[in-house]
Amino acid sequence: MKKSDRKRFWKGPSTFLLSSILALGIIENGGTLVQAVEQKSDKILSEQEAIKFAKKWMDVPARFEYGYGQYIEPYGALRTPYGAWSLYWSHPNQASIGYKIHPVTGRLLGYSYQEEYSQANNPAFMNSKLALEGALKFLTKILSPEELLELAEPEEDVYESKGYYFKFMRVKNTIPFERNWITVITRGDGKVLHFERVWSDGEMPDTSKMISEKKARELLEQNTKPTMHYKRVYIGKGESKYMLVYDYLPTDPQFVDAITGEMIDAKGRLAKPSPIKGLKEMPIVSAPTEGKGMNGVLTLEQAEASAIHFLQTTYPDRLADIYMLDSQPYYVESYDGSQRWEDHHVNFGWLKNGILIGDRDSNFSLYVNPRTGESGYGKEPLAPPVIDDNDKQRVDMATAKKTEQAMKKSLELYYFQPENDVYEDEEPKPRLVYRLSGDGGVVDAHTGKWISYQ
């Protein structure tokens, strides 16, 4: 049988990790509380119900008084496809405790304990063995046995001289799950100071239906499509400059679905052409005079019209250099259906001679007040990045892909969670994808040579 050329870029489930849990004698009863709170329901927990769950996961010490609770919208502060109750307690000595509770199941998503003075500042308490044991005991309480077995050996680091930082990447069926992890920070005596859970719970792809590695490679070599654009490239000694390169934008086809063979973009969506919406080619847009949204506020579509009108009337000489980025609402309706009143933010990018300037830092946003329609830009003056490039020579995409594929000869197979669209009611299912891997870098669009990040 031919040896697989798929590159492994992860630490698999650790024999040390599993044996450590068994040695501590804490896996046999692990997950009992987790299983108790798991339920099939769409009902959002009340604040008081969330508080009860928080106290089940971690006791609130004496003299800590409850401060407030806040509901976090999906893809808000947690950057997860589900919302959460954020709950806070405080102590007279300025210490505080925070919990993040899943709004339906009551699962613990996050925890933080901040104290005015930590014994971990004393070198005598910097004990990595006790710190790891404390992390493992904590995880067996809040994770199910099945989840524990999907944790890779942790990456370990000292955390600001206060304790130890452990990051457990997720590995399922020996396949890494990118952007899924558990992080725990403990003091040297094992006390938990911080916990974060980024974990996809959707239905997993059926690995028995995977396409072959040979087929995956063929599809990637044929169908990946990097975009020629200007990008800030580091050239050494802490310096960087804008260069014309071939590289992948978020919406470019760059992965292949390991089940269907379809091309996938960086957001986990089916890759589709994303035409540039240059403002110069757009017709003159009138500013909306009356909101069509809830309680008479402007809808996102109206906010975009208001922002375009502002640029057309305020910066008419810049329109050939500006294009509109795909927008997402800056606010969504809160869990109880009430309207949030933050400004809309409409995003734009810059062009140079019709070519995208793809560096994210160069993009800009206009705010639009949803009640008055007023638009504006918080920085002055509004000007594109300065790029010195008069070279007319350019290579085509086929040449660029040939250069790239010579530098990326391995295949990586991994799960990852597609980004959620705010208009979707359900979390997208995780995907299993292949991508080409090797040296990190981009292709010089003038010469066709490889520019390595190493």
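Student: Which residue takes a positive phi in the hairpin of strand 2 and strand 3?

Tutor: First, strands here are DSSP runs (E, at least two residues), numbered from the N terminus. In this hairpin, five residues lie between the strands, and glutamine 94 has the positive phi, near 80°. Keep in mind that this is a predicted model, where local features need pLDDT of at least 70 and side-chain atom pairs 80 or more, while totals for chains, interfaces and linings use all residues. Residues are numbered from 1 along each chain as its sequence is written, and side-chain values use heavy atoms, leaving out hydrogens and water.

Student: How many bridges join strand 2 and strand 3?

Tutor: Two strands pair if DSSP finds at least two bridges between them. Strand 2 and strand 3 have six, in the antiparallel sense, with tryptophan 85 opposite isoleucine 101 in strand 3. Strand 1 (residues 65-72) also pairs with strand 2, antiparallel over seven bridges, and there tyrosine 66 faces tryptophan 89.

Student: Why is strand 2 largely enclosed by the rest of the structure?

Tutor: Buried means under 20% relative accessible area (1.4 Å probe, protein chains only). Five of the seven residues of strand 2 are buried, so the strand is largely enclosed.

Methods: Buried means under 20% relative accessible area, exposed over 50%, partly exposed in between (1.4 Å probe, protein chains only). Helices (H or I, at least four residues) and strands (E, at least two) are DSSP runs, numbered from the N terminus.
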